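Here's a quick briefing on how the inside of this protein is put together. Have a look at the model first, then we'll walk through it.

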Amino acid sequence: MRASVSRRRFLHWGTGIAVGAWAGPMVVPSRAWAGANRRLNIALLACGGRAVQLVPSILASDENIVALCDVDARQIAHMKKTFGDKLAKATVYEDYRSLLDKEKTVDAVVISPGQRWHVPMSKRALEAGKHVFCEKPLAHSVAEARQIGQLARQKNLATQIGTQGGATDTFRRSMEVIQAGLLGRIHEVHCWINRGFPPSAPIDPNADPIPEGLNWDFWCGPSPLLPFKQYYIAAPGQVGCLHWGRWLAFGDGHLADMGAHAINLPWRALKLAAPAKVSVKSAEPVRDSYPSANTFCWDCPQPDGQLLRLWWHDGHQAAPPEHLGKELLSTYGKVPTNGVLFVGEKGILYANAWGVGGVLKLQGEAKCRGVLDHEAAKPIPVTLPRAKGQNHMQEWLDACKGLGQTFQPLEIAAPIAEVAMIGMVALRVGQPIQWDDAAMKVPGLPEADRWIHLEQRKKWL
């Protein structure tokens with residue numbers, strides 16, 4: 001069968017993506033859309049702590065989880081123990097490739113291993129005709145983000161990135177308020193979270209004993225095979241991003257982790273394009289792990305060509321500049337520990353680092369008021385769809401059945417992931433960089449190529 005692409009989704013694709021990249025119409029695989037009245041057959045690619053958090057939403061929608069995959073048998077055992085009879089019949093795999101090859105009835109996959117695996121698994125699943133829900137961070141390099149964005153645009157499949165804040169009414173209302181011009185021209189945006197790792201450190205060459213049931217080589221996957229250390233992995237049931245995410249072989253620290261949430265709102269609300277220039281300051285030199293505190297700055301073109309400065313701050317003392325933080329004291333009593341702050345010529349808009357709970361303060365006002373309640377915002381029309389029950393997972397499950405579309409498909413998530421990964425290039429080369437987006441190059445700095453295109457081990461791809 002053939003499906004048309006709605007104007008709304010086409011416009012969503014246009015956010016930060018060249019219009020010419022879409023060549024439609026697209027042919028839908030004969031079994032791509034499951035049908036509104038049929039239960040979906042879903043496979044879990046990784047069964048760690050984040051997957052455990054996602055499963056209740058899938059089961060609440062009465063879908064079938066028919067297959068489980070993880071390279072750590074302990075994670076699968078914990079998953080089965082947690083959900084008992086509901087997963088008793090699910091087939092177990094260690095190799096995601098075998099699952100996708102053998103489980104012909106699977107309609108969709110939920111991908112939630114470490115960052116290094118997100119693009120390889122998403123790519124393989126999309127090529128197999130499966131709908132994809134993928135956790136953030138989406139990509140581990142600029143090249144990976146570019147690749148998965150292009151592939152997602154080619155496939156007429158339901159995809160969703162795991163930035164759940166985007167499903168809330170306040171996230172979407174903040175977009176509408178900003179795009180309506182209530183704040184006037186936005187001068188700058190600051191994103192932050194007061195999380196910090198220990199100072200950047202070298203890899204420990206002394207291996208710990210590998211736990212029984214863990215295929216460590218496969219766990220490392222496309223990343224280098226490092227000596228096993230217990231601190232790289234989370235215990236069964238724990239979310240792992242603060243374990244492996246510190247180590248640059250496997251992830252890209254707080255920028256990739258929470259930046260995927262925080263940068264989402266300004267990128268979409270302001271319709272930004274790829275940065276022209278990036279700089280970063282860190283608390284200490286970069287070794288093999290993410291530094292303890294960082295400030296990234298991107299100069300991003302707005303639709304009218306003017307540059308906007310987008311900032312990311314992390315570390316235990318992270319906050320916006322003091323003069324801007326003071327604008328929040330009358331409302332919160334202190335500067336919030338995380339957030340996204342839009343600074344406009346007519347006022348400010350603040351949301352938390354997930355883009356949720358937006359509040360406004362216009363010039364002359366003493367305190368912030370919610371974007372859903374502020375009198376000045378009430379005349380602004382609702383232009384974006386709202387997620388039923390503000391349920392991020394349900395929005396994707398419905399889209400898998402042909403009931404509406406996702407708000408945050410991978411083709412939108414990919415350029416946002418690129419922003420973070422371009423920042424990581426600047427971090428790794430240790431200097432500010434100019435960015436040629438079309439060529440995917442840092443002009444005059446060929447040594448940056450190794451960080452734009454991370455070398456991958458092919459054994460497990």
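Which residues have the most contacts inside the largest nonpolar core? In this predicted model, they are Trp298, Trp312 and Phe342, in a core of 63 residues. Helix H16, residues 410–429, is the top contributor to that core, giving 11 residues.

**Cores**

**Helix H16 up close**
- H16 runs for 20 residues and spans 28 Å from its first C-alpha to its last, close to the 28 Å expected at 1.5 Å a residue.
- Most of H16 is covered, with 19 of its 20 residues buried.

**H16 against H6**
- Two packed helices are described by the angle between their axes and the distance between the axes.
- For H6 (residues 142–154) and H16, the angle is about 170° and the axes sit 8 Å apart.
- Angles over 145 degrees count as roughly antiparallel, so that's the label for H6 and H16.
- On the H6 side, the contact is made by Val142, Ala145, Arg146, Ile148, Gly149, Ala152 and Arg153.
- H16 brings Leu410, Glu411, Ala414, Ala417, Glu418, Met421, Ile422 and Val425 to the contact.
- Sorted by type, the residues of the H6–H16 contact come out as 10 nonpolar, one polar and four charged.

How values were computed. Residues are numbered from 1 along each chain as its sequence is written. This is a predicted model: local features need pLDDT of at least 70, side-chain atom pairs count only at pLDDT 80 or more; totals for chains, interfaces and linings use all residues. Side-chain values use heavy atoms; hydrogens and water are left out. A nonpolar core is a set of buried Ala, Val, Leu, Ile, Met, Phe, Trp, Tyr and Cys residues joined through side-chain atoms within 4.5 Å. Buried means under 20% relative accessible area, exposed over 50%, partly exposed in between (1.4 Å probe, protein chains only). Helices (H or I, at least four residues) and strands (E, at least two) are DSSP runs, numbered from the N terminus. The expected span of a helix is 1.5 Å times one less than its number of residues. Axes are lines fitted to C-alpha atoms, for helices over the stretch in contact, and angles run from 0 to 180 degrees between N-to-C directions. Angles under 35 degrees count as roughly parallel, over 145 as roughly antiparallel, 65 to 115 as roughly perpendicular and the rest as oblique. Contact means heavy atoms within 4.5 Å. Ala, Val, Leu, Ile, Met, Phe, Trp, Tyr, Cys and Pro count as nonpolar, Asp, Glu, Lys and Arg as charged, and the others, Gly among them, as polar.
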